[in-house]
Amino acid sequence: MNKPELLHDMMLFVAVARTGNYSRASEALGVPGATLSRRIAAMERDFGVRLFDRTTRRVELTEAGQRYLERCGHLVDEALLAQQALRDLAARPAGNLRVSMPVDLGVTIIGPLLPDFARQYPGIALDLDLSSRHVDLMSNKIDVAIRLGEVRDDKLIVKKLGTVEMALFASPVYLELRGQPQQPQDLSQHDCVMMRSEDSVTTWHLETNDGASIKVPVSGRFKLNNQSLMRQLAERAMGITPLAFSLVTDSVVQGHLLRVLPEWRIPALPIQALTTSRLQSAKSRAFVDFLAERLAVSSPHRHQRRVR
């Protein structure tokens, strides 16, 4: 096998390994399925080991296949990146860009930036999916997903764009009825509106500017995954809840919410951009770089000063 064939076969192998499916890899590469299957089989004969365990629905990497992917995956990416860089020199970012992001993040933080992006890149049309569900980027043909919080998925390329600063808030009515917490441990005696999680016990992590940190178990009748609804429930005296500063400015100014334990805050949540590969189209790279620049220069403390 000569060197050009080896690199080409590596690319075929990596596509099948990352999609877990011959049909998806065939569609992504524009290579007939029969050709793909034949080349993978030839690689296995040449190497003398099986690279995949095949089932009726998908293929799974063998131990040998996993080791081969770890060694050659980045080589394929670098080769494709080099080719893409040359193409991008002659191409302005254009086309339909599919983006997935949570509703609150899209409405309050990303949304206000989109008109400037549209003016800067008139050739890009945005197809936005605002949903809290974590969609599969490959099967749903999503170019970029924007997520809030830590992302643990070694199959995705993750880039931090910025952070969302958060603190605890409650309505004046609730605090008049139940009292103002004086220290973090008091939260265990209050009704709390909590973010959904897989843990049976919800624990809030709080910290101060001088480095103090504490974890407090909390409970309440509401668990959900939408900040806007959490804010509404808090405004209606349903309990204390963690909210982004960017979401509560008007509520605080209008007297609907008060900050609880103002010397303490929730650790900032990272805003992350997710893609399936380091090899990104010009339109995807333009969008991610634009958000990284805009979110990095925005002051995380500007909202804090307005809601103290």
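**View 1. Y68 sits in helix α4, residues 63-89.** Helices here are DSSP runs of H or I with at least four residues, and strands are E runs of at least two, numbered from the N terminus. The model is predicted: local features need pLDDT of at least 70, side-chain atom pairs count only at pLDDT 80 or more, and totals for chains, interfaces and linings use all residues. Residues are numbered from 1 along each chain as its sequence is written, and side-chain values use heavy atoms, with hydrogens and water left out. Y68 has a relative accessible area of 17%. That makes Y68 buried (under 20% relative accessible area; exposed is over 50%, partly exposed in between; 1.4 Å probe, protein chains only). Leaving aside residues up to four places away in sequence, Y68 touches L6, M10, F13, M43, F47 and G73 (contact: heavy atoms within 4.5 Å). L51 is 17 residues from Y68 along the chain, and their C-alpha atoms are 8.2 Å apart.

**View 2. The structure contains 7 aromatic pairs.** Rings of Phe, Tyr and Trp (its six-membered ring) pair if their centres lie within 6.5 Å; planes under 30 degrees apart are stacked, over 60 edge-to-face, the rest tilted. One of the pairs is F13 with Y68, tilted, at 4.9 Å centre to centre and 55° between the planes. F13 belongs to helix α1 (residues 3-19) and Y68 to helix α4, so this pair ties together parts 55 residues apart in sequence. F13 is buried, at 0% relative accessible area. F117 and Y121 make another tilted pair: 5.0 Å between centres, 40° between planes. F117 is buried at 1% relative accessibility, and Y121 is buried at 15%. F13, F47, F52 and Y68 form one aromatic cluster.

**View 3. Helix α2 spans residues 22-29, with Y22, A25 and S26 buried.** These residues cover an arc of only 100° around the axis, which puts them on the same side of α2. The arc is that of the directions from the helix axis to the C-beta atoms. S23, E27 and A28 are exposed on the other side. At the start of α2, a side-chain oxygen of N21 comes within 2.7 Å of the backbone nitrogen of S23. G30 follows α2, with a positive phi near 70°.

**View 4. Strand β12, residues 266-275, is largely enclosed by the rest of the structure, because 8 of its 10 residues are buried.** Strand β5 (residues 144-148) runs antiparallel to β12, joined by 4 bridges (strands pair if DSSP finds at least two bridges between them). Here L148 stands opposite I271. Strand β6 (residues 157-170) is also antiparallel to β12, with 8 bridges. V158 has L274 of β12 as its bridge partner.

Technical notes
A polar contact is a pair of N or O atoms within 3.5 Å; within protein, one must be able to donate a hydrogen and the other to accept it, and residues adjacent in sequence count only if both atoms are side-chain atoms.
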